[in-house]
Amino acid sequence: MPVSRTPGVDRRLFLASLLGAAAGVAGLSGCAESNAATGGKGASTAPLADKVPAGTSLKIASFQGAQQLQLKLAKLPELPFTVSNWLNIGAGPDVINAFRAKSLDVANNAGIPPIQAHYQGFDAKIVAINITRKPNYVFATKPGSDIETVDDFRGKKLAFSQGQAQGVVLLRALKKAGLKYDDVKLVPLTSNQFLTALQSGQVDIAPLGNTQSPAYLKQYESKGARVITTDVVDLLSLLWAPASVLNDKAKAAAVAAYIPQWAQGLVWSYENPDVWNEEFYVKTQNLTLDQAKSITALANKPLFPPSWDEAIKWEQETADLLADGGFVKEFDVASLFDHRFEGLAAKSVAAEYRS
């Protein structure tokens with residue numbers, strides 16, 4: 001897609017409005033912070049310790065308590081380190097800010113937040129990959145909308161979060177439909193603002209996760225809201241951590257020990273949808289059992305590739321797409337991957353979950 005400018009939107013002002021003061025302090029340098037252990041090339045070469053040293057602890061993201069609950073329900077072995085805090089945090093911009101504040105050590109996100117962190121000048125690395133083959137998002141319309149296809153997005157106001165998966169899904173959908181950025185109006189928001197923006201008519205369209213759309217339709221379908229499905233996927237679900245965490249030998253060993261349980265917890269919830277529906281969606285998210293079933297019916301089978309080649313290619317395409325629109329500067333995404341952890345997730349699951 002050729003570079004084009006959205007009328008009335010300066011890219012740097014647009015970025016600043018999403019990232020807030022933390023990004024301003026970082027200077028939006030576009031260059032990841034260097035560190036001695038990586039020699040400036042992005043991947044530590046220090047070997048991982050065989051055992052986690054006593055007294056090691058990690059602060060781990062568990063958005064809506066999902067990761068923590070998966071480990072509990074799957075009855076996995078006790079982690080060989082202390083989890084000093086399970087943080088209910090999931091949105092990419094929030095994760096980056098928590099990384100900066102050193103209040104978070106490991107998080108689960110899509111492929112775009114690591115790209116955004118690099119653009120802000122914050123050094124963090126990807127340590128595990130889960131491939132998603134089916135769409136996790138739909139495009140929801142505001143109540144009373146006549147929009148029925150992506151082609152109808154032309155001239156409309158679209159909720160856009162540059163630092164989150166929803167943002168790249170929207171950009172890929174526009175590209176596939178042959179729409180340029182100046183064919184639409186991108187409204188800078190974070191994903192936790194999307195529902196309010198739809199309800200108030202601030203935007204015409206917003207990407208919603210499969211877990212959000214049933215509740216939205218229940219409330220607004222009778223008022224003319226609908227969802228538009230596409231075959232656009234956001235390929236990567238990943239674990240990542242600040243370089244400062246991974247350059248700490250004890251914490252790096254703890255991260256390596258957490259990765260297999262993260263993968264096994266995802267497999268367990270996929271294999272036990274009835275229990276997961278009841279224990280997570282019904283009991284903690286206040287959804288009806290029918291709503292829960294509609295979500296798990298769309299769930300992706302977890303896939304943990306032994307090789308990260310496909311993931312790196314996809315991440316590069318995503319970074320290039322953002323660069324084409326002037327949102328970030330071009331760079332080689334290979335620097336985002338810490339290959340010491342490659343294959344750890346794959347080795348911990350059955351063969352059917354590796355490819």
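Author: A nonpolar core is here a set of buried Ala, Val, Leu, Ile, Met, Phe, Trp, Tyr and Cys residues joined through side-chain atoms within 4.5 Å. The model under discussion is predicted. In its largest nonpolar core, which has 90 residues, F153 and W240 touch the most other members. The greatest contribution to this core comes from helix α9, residues 249-271, with 11 residues. There is also a second, separate core of 13 residues, and F194, V203, A206 and A225 are included in it. In soluble globular proteins, nonpolar side chains tend to be buried together.

The chain as a whole provides the setting. It has 13 helices and 10 strands, and buried residues make up 55% of its 355 residues. Among contacts with a separation of 6 or more, 82% join residues 24 or more positions apart. The accessible surface comes to about 15,000 Å², and carbon and sulfur atoms account for 51% of that area.

Helix α9 also leads towards the part to be examined, through its packing with helix α2, residues 66-74. The axes of α2 and α9 come within 9 Å and cross at roughly 80 degrees. Because an angle of 65 to 115 degrees counts as roughly perpendicular, α2 and α9 are described as roughly perpendicular to each other. On the α2 side the contact is made by Q67, Q70, L71, L73 and A74; on the α9 side it is made by Y258, Q261, W262, G265, L266, W268 and S269. These residues divide into seven nonpolar and five polar, with no charged residue.

The loop between β1 (57-61) and α2 holds Q64. This residue is partly exposed, with a relative accessible area of 37%. Q64 has a positive phi of about 60 degrees, although it is not a glycine. Most residues other than glycine have a negative phi.

In sequence Q285 and Q64 are 221 residues apart, yet their C-alpha atoms are 8.1 Å apart in space. Leaving aside residues up to four places away in sequence, Q285 touches Q64 and F280. Q285 is partly exposed, with a relative accessible area of 23%; the boundary for a buried residue is under 20%, so Q285 does not count as buried.

N286 is placed in the loop between α10 and α11 as well. Its relative accessible area is 68%, and N286 is therefore classed as exposed. N286 has a positive phi of about 60 degrees and is not a glycine.

Helix α5 (residues 165-176) and helix α12 (residues 309-324) pack at an angle of about 75 degrees, and their axes are 11 Å apart. That angle makes α5 roughly perpendicular to α12. From α5 the contact draws on V168, L171, R172 and K175, and from α12 on W314, E317, T318, L321 and L322. The residues of this contact divide into five nonpolar, one polar and three charged.

Definitions and conventions. Residues are numbered from 1 along each chain as its sequence is written. This is a predicted model: local features need pLDDT of at least 70, side-chain atom pairs count only at pLDDT 80 or more; totals for chains, interfaces and linings use all residues. Side-chain values use heavy atoms; hydrogens and water are left out. Helices (H or I, at least four residues) and strands (E, at least two) are DSSP runs, numbered from the N terminus. Buried means under 20% relative accessible area, exposed over 50%, partly exposed in between (1.4 Å probe, protein chains only). Contact means heavy atoms within 4.5 Å. Accessible areas come from the Shrake-Rupley method with a 1.4 Å probe; for residues, only the protein chains shown count as cover. Axes are lines fitted to C-alpha atoms, for helices over the stretch in contact, and angles run from 0 to 180 degrees between N-to-C directions. Angles under 35 degrees count as roughly parallel, over 145 as roughly antiparallel, 65 to 115 as roughly perpendicular and the rest as oblique. Ala, Val, Leu, Ile, Met, Phe, Trp, Tyr, Cys and Pro count as nonpolar, Asp, Glu, Lys and Arg as charged, and the others, Gly among them, as polar.
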